[in-house]
Amino acid sequence: MKAPFGYRSDGKGKVMVPHETFAPIAKAALEGYASGHFQTHGEVRTFIEDHPDFKVGRKKPRVGNNFVKNLLSRSIYAGYFDYAPWGVPVTKGKHQPLISLETHKKIQDRLNQRVTAPFRKDIALDFPLRGFILCADCGSPLTSYWATNRKKVRYPYYECHKKGCASHRKAIPREKLEIEFEECLDQLQPSADIVVAARAMLKDMWDARRAHLAERRKSLTVDARKIEAEIESFLDRIVETTNPSIVSAYEKRVTHLQRQLAILEEQKANLDEKQPPFEDLFEHTIEILSTPCDIWRKRDIRWKRLVLKSVFAERLPYSRSEGLRTAKTTFAFKALSAPKGADEILVPPHGLEPRTY
Ligand SMILES: [Zn+2]
């Protein structure tokens, strides 16, 4: 197996080691992307190709097509063996990591975001509904822009950008759309005691999940003990055995068991990360659910985006003639505004996490 960029082989059968020249470049590229210093694959590629040390150490001055994609997605840089096409951490490797697992996860999050919507900070600040409202004629998300008239006065608009759509480039004044949207939010305001009920419900679900995780942790511990005992007994047998072929069979078995044990330990460690405190998970949600309009009117763009994610299950279609279509709200909000059968409440359609748009 060829060592990935940033590493080199240290001889046959040995653990690979960080490459003296390339490891610092790979590390800087990865951390730069995780922190947002590099915004695109192209910027990472330029950084690497223009790096003076990179040029000295390589025959070819440019990197291949999938080079940056592989660099960013592989968990091998966080110290794991991965299945390269998926970048899925499989088991902890013996090699020295270049970045922390946290940095690796940050990179994966950024990669996933990129697929859904390129975030344009400048204009998004002025148009909180950009990307969230769909054109009712064609279903594509409305974009937004500032238009300037002859007197140099600027006016904000939303519009459909899809070629061939009946609403293509038909400007919708920002005011008009946003006032309608606020009216829609106003109608969704639930009463205070329903918010209390929702809080209790979310707490129940959270407790149930915690109990389930504790159960799972217990059973993983039991499994791990069993494997440890089995390893122990094989090691004893190896000591007592003189027949070399039997010894080698036992050793194979021990290696196999140790691998299983490592996987169990990993799963246990992952379980601990899976349950953030209730407050972290739901306090924002509950606050948003109880007063979505207030938060929408008074707070900044980040809160506005949270309102969109927490309240609506889907993006809203807007028709130039008929206005906003009926909103599909998230399960929690549905439970707040119109409590139904217990089953429906306990089986959220999208899980508990707010959706991303
Ligand atoms: Zn359209």
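Student: In this predicted model, does His95 count as buried or exposed, and what is the value of its relative accessibility?
Tutor: A residue is called buried when its relative accessible area is under 20%, and His95 falls under that cut-off, so it counts as buried. His95 is found in the loop between β4 (88-92) and α5 (101-116). The relative accessibility of His95 is 5%.

Student: Which backbone oxygen does the side chain of His95 reach?
Tutor: His95 belongs to the loop between β4 and α5, and from there its side chain makes a contact at 2.8 Å. A polar contact needs a pair of N or O atoms within 3.5 Å.

Student: Which side chain is joined to that of Arg130 by a polar contact?
Tutor: Arg130 lies in the loop between α6 (121-126) and β5 (133-135), and at 17% relative accessibility it counts as buried, because the cut-off is under 20%. The contact made by its side chain has a length of 2.7 Å. The side chain at the other end is that of Ser144.

Student: How many bridges join β6 to β7, and which residue stands opposite Trp146?
Tutor: Strand β7 covers residues 154-159 and runs antiparallel to β6. The number of bridges that join β6 to β7 is six. The residue opposite Trp146, which is found in β7, is Pro156.

Student: Which residues coordinate the zinc ion, and what is the arrangement of the four donor atoms?
Tutor: The zinc ion is held through the SG atoms of Cys135, Cys138, Cys160 and Cys165, at 2.2 to 2.4 Å, and in sequence these donor residues are spaced C-x2-C-x21-C-x4-C. Among them, Cys160 and Cys165 are both buried. Four donors count as tetrahedral if all angles lie between 85 and 135 degrees. The donor atoms here subtend angles of 100 to 117°, which makes the arrangement tetrahedral.

Student: Over which ring does the charged end of Arg299 sit?
Tutor: A charge counts as sitting over a ring only if, among other conditions, it is within 6 Å of the ring centre. The charged end of Arg299 is 4.3 Å from the centre of the ring in question. That ring belongs to Trp303.

Conventions: Residues numbered from 1 in each chain as written. Predicted model: local features only at pLDDT ≥ 70, side-chain atom pairs only at ≥ 80, totals over all residues. Heavy atoms only, no water. Donors = N, O, S within 2.8 Å, 3.2 Å for Na, K, Ca; no water. Tetrahedral: all angles 85-135°; square planar, octahedral: opposite > 155°, others 65-115°. Buried < 20%, exposed > 50% of the residue type's maximum accessible area, 1.4 Å probe, protein only. Lys NZ or Arg CZ within 6 Å of the ring centre and 35° of its normal. Pairing = 2+ DSSP bridges. Helix = DSSP H or I, 4+ residues; strand = E, 2+ residues; numbered from the N terminus. Polar contact = N/O pair within 3.5 Å; in protein donor to acceptor, adjacent residues only side chain to side chain.
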